[in-house]
Amino acid sequence: GRLEGRVAVVVGAGQTPGDTLGNGRATAILFAREGARVLAVDRRLESAEETVALIEAEGGIAHALKSDATREADCRTMVTEALDRFETIDILHNNVGIGDGDAGPAHLEEAGWDRILSVNLKSVVLPCKHVLPVMRARKRGSIINISSIAAICSTPQVAYKVSKAGINAY
């Protein structure tokens with residue numbers, strides 16, 4: 001496959017419980033199908049383990065890691081784990097996004113704003129901060145930060161929209 005021999009760290013590789021396949025899980029599975037070894041990172045270990053089981057059922061190689069991408073120490077550990085297990089990092093895919101507690105501009109509570117902005121932006125900035133030195137030392141790598149069409153469209157979800165626009169700016 002196109003990613004044969006590559007190592008991908010997929011942040012948000014688990015998913016919210018439900019019947020559909022989430023973006024993070026779908027990405028991890030596709031990367032593995034294309035030959036990448038995958039570090040499936042999620043704040044819910046059982047969800048990351050479900051993703052790993054799906055990858056392994058297809059003959060792929062993956063490892064689950066519980067990590068909160070809004071915590072710097074966890075992001076350091078994420079990089080250490082990838083390097084210890086797979087020796088390198090070729091791809092960082094940041095796929096965390098929350099919107100619970102969002103509302104329109106006249107109804108949004110400060111706590112909802114703070115939580116959504118913090119999670120949606122830190123979960124991009126902190127993993128990048130710790131993966132970039134690895135990629136720079138190797139003079140190669142790919143970082144994929146998932147935004148949303150909400151960043152450029154009219155939507156009543158103010159905090160989510162602004163957080164995704166922030167990812168675009170980043």
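How much space lies in the largest pocket? About 800 Å³ lies there, in what is a predicted model, where local features need pLDDT of at least 70, side-chain atom pairs count only at pLDDT 80 or more, and totals for chains, interfaces and linings use all residues. Residues are numbered from 1 along each chain as its sequence is written, and side-chain values use heavy atoms, with hydrogens and water left out.

**View 1. The largest pocket and its lining.** A pocket is an open set of points on a 1 Å grid over the protein atoms alone, where a 1.4 Å probe fits and protein lies on both sides within 12 Å along at least five of seven lines; lining residues have an atom within 4 Å of a point. The volume is the space filled by probe spheres set on the points. Of the 31 lining residues, Thr16, Asn95, Val96, Gly97 and Ile98 are the closest to the centre of the largest pocket. The elements that give two or more residues to this lining are α1 (23-33), α4 (110-138) and α5 (158-169), with α4 giving the most, 3 residues; helices here are DSSP runs of H or I with at least four residues, and strands are runs of E with at least two, numbered from the N terminus. By class, the lining has 9 nonpolar, 15 polar and 7 charged residues, where Ala, Val, Leu, Ile, Met, Phe, Trp, Tyr, Cys and Pro count as nonpolar, Asp, Glu, Lys and Arg as charged, and the others, Gly among them, as polar.

**View 2. The packing of α4 and α5.** The axes of α4 and α5, which are lines fitted to C-alpha atoms over the stretch in contact, with angles from 0 to 180 degrees between N-to-C directions, come within 9 Å and cross at roughly 20 degrees. The two helices are therefore roughly parallel to each other, a term for angles under 35 degrees. Residues of α4 that include Trp113, Ile116 and Leu117 meet residues of α5 that include Val158, Ala159 and Tyr160, contact meaning heavy atoms within 4.5 Å. By class, this contact has 10 nonpolar, 3 polar and 1 charged residues.

View 3. Leaving aside neighbours within four places in sequence, Thr155 is in contact with Ala150 and Lys161. The C-alpha atoms of Thr155 and Gly104, 51 residues apart along the chain, are separated by 8.3 Å.

Terms used:
Angles under 35 degrees count as roughly parallel, over 145 as roughly antiparallel, 65 to 115 as roughly perpendicular and the rest as oblique.
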